[in-house]
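Please have the sequence and the 3D view open while reading.

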Amino acid sequence: MCYKITKRHDYGCYKKNIIYDENNNLKTDIYFPNDTTSQTKLLIFWHGGGWFAGSKNDVKDLGIKFANAGFMTLIPDYRLAPEFTYPAAHQDSKKFVEWLLDSDYTDDDDQQNIVQIGASVGGTLALYIAGIYGFPTVTWSASVDFSNWVKNHQDVIPSRYGANELKLTNLYDIFESFYKFFVKTYAGKNDQAILKKMDVENYDLSHLGRLKMINSAHELVPLNGVLKFIDFLANNDHEVELLVIKGHRHAMDYAMDYIDESLDFLYQTIKEKKNDQH
């Protein structure tokens, strides 16, 4: 199937619903740039949705934009809570990369050409994969801290719709209620052992490469948890860039304003990796 956006004269093709996990009937969409060669760069985009919502179908426009920027773009679905709790989505993300590297869509040396962008909890999955495979990664409002946050917010009542269900009027109260809702929904229960495993600083980060994190100053994802994670990376001599933008926007709310900056970071990282190899 092909697409055309007449105003910008963008043109390309994509394949929908390619199965990467037959056991769980998990699928990916693939968006192809106009010029595809053996040196084509690959971008994995992980959608958000709090691990209980969201779909590759929601971000088709991003797939087209990334493809038009020169990336063969893959957007996979993964299992969602509450039916599938931690670590289901994490397992699916690793399964997807294993499938990709063994598929006809990659060559033997393509691992060096793979980069990632993840939105919200999709950014959390991107960090999980980056730690294992070293793919250069950009996160938009990635959630990184769960156990400490829940422990310090025992009085917060979890709710998907805090304004309606709990009659909350303060934006921060609504954010906290929703944060606790999706964290507990994916964890399956309020168990500190599970929540600690969900904390990104407890992932295998042994191969973590170039990383750029973008977060808003006053959004859904608590910035103090992000700063704590940055401090953890610095103490372990990991390189990371953090961009804090003003306001309350979360992930997809600011995505279109930061696509170019995100892709520039990934382009430059790929270029530097290749120069280092020579």
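## Basis of the model

This is a predicted model, in which local features need pLDDT of at least 70 and side-chain atom pairs count only at pLDDT 80 or more, while totals for chains, interfaces and linings use all residues. Residues are numbered from 1 along each chain as its sequence is written, and side-chain values use heavy atoms, with hydrogens and water left out.

## Salt bridges

Side chains of opposite charge can pair when their charged atoms come close. The structure holds 11 salt bridges (a side-chain nitrogen of Lys or Arg within 4 Å of a carboxyl oxygen of Asp or Glu). One of them joins D29 and K56, whose closest N and O atoms are 3.0 Å apart. D29 lies in strand β3 (residues 26-32) and K56 in the loop between β4 (41-46) and α1 (60-68), so the bridge ties together parts that are 27 residues apart in sequence. Helices here are DSSP runs of H or I with at least four residues, strands are runs of E with at least two, and both are numbered from the N terminus. D29 is buried, with a relative accessible area of 0%, and K56 is buried at 1% (buried means under 20% relative accessible area, exposed over 50%, and partly exposed in between, with a 1.4 Å probe and protein chains only).

E98 and K94 also form a salt bridge, at 2.7 Å from N to O. They are 4 residues apart in helix α2, which means a separation of about one helical turn. E98 is partly exposed at 37% relative accessibility, and K94 is partly exposed at 27%. In the salt bridge between R249 and D257, the closest N and O atoms are 2.7 Å apart; R249 is partly exposed at 32%, whereas D257 is exposed at 54%. A network of salt bridges links R210, K212, E239, E241, E261 and E272.

## Aromatic rings

Rings of Phe, Tyr and Trp (its six-membered ring) pair if their centres lie within 6.5 Å; planes under 30 degrees apart count as stacked, over 60 as edge-to-face and the rest as tilted. By this rule there are 24 aromatic pairs. Y20 and F96 form an edge-to-face pair, 5.0 Å centre to centre with 85° between the planes. This pair links distant parts of the chain, with Y20 in strand β2 (residues 10-21) and F96 in helix α2 (residues 88-101), 76 residues apart. Both Y20 and F96 are buried.

Y254 and Y258 have ring centres 5.8 Å apart and planes at 85°, so they too are edge-to-face. Y254 is buried at 0% relative accessibility, and Y258 is buried at 16%. Ring pairs also link a cluster that includes W51, F146, W149 and Y186.

## Single residues

T124 lies in helix α3 (residues 121-133) and is buried at 0% relative accessibility. Not counting residues up to four places away in sequence, T124 is in contact with W51, A142, S143, F146, V200 and Y203 (contact means heavy atoms within 4.5 Å).

I19 lies in strand β2 and is partly exposed at 38% relative accessibility. Leaving aside neighbours within four places in sequence, I19 is in contact with N25, L26, K27 and W99. The C-alpha atoms of I19 and N152 are separated by 41 Å, and these residues are 133 residues apart along the chain.
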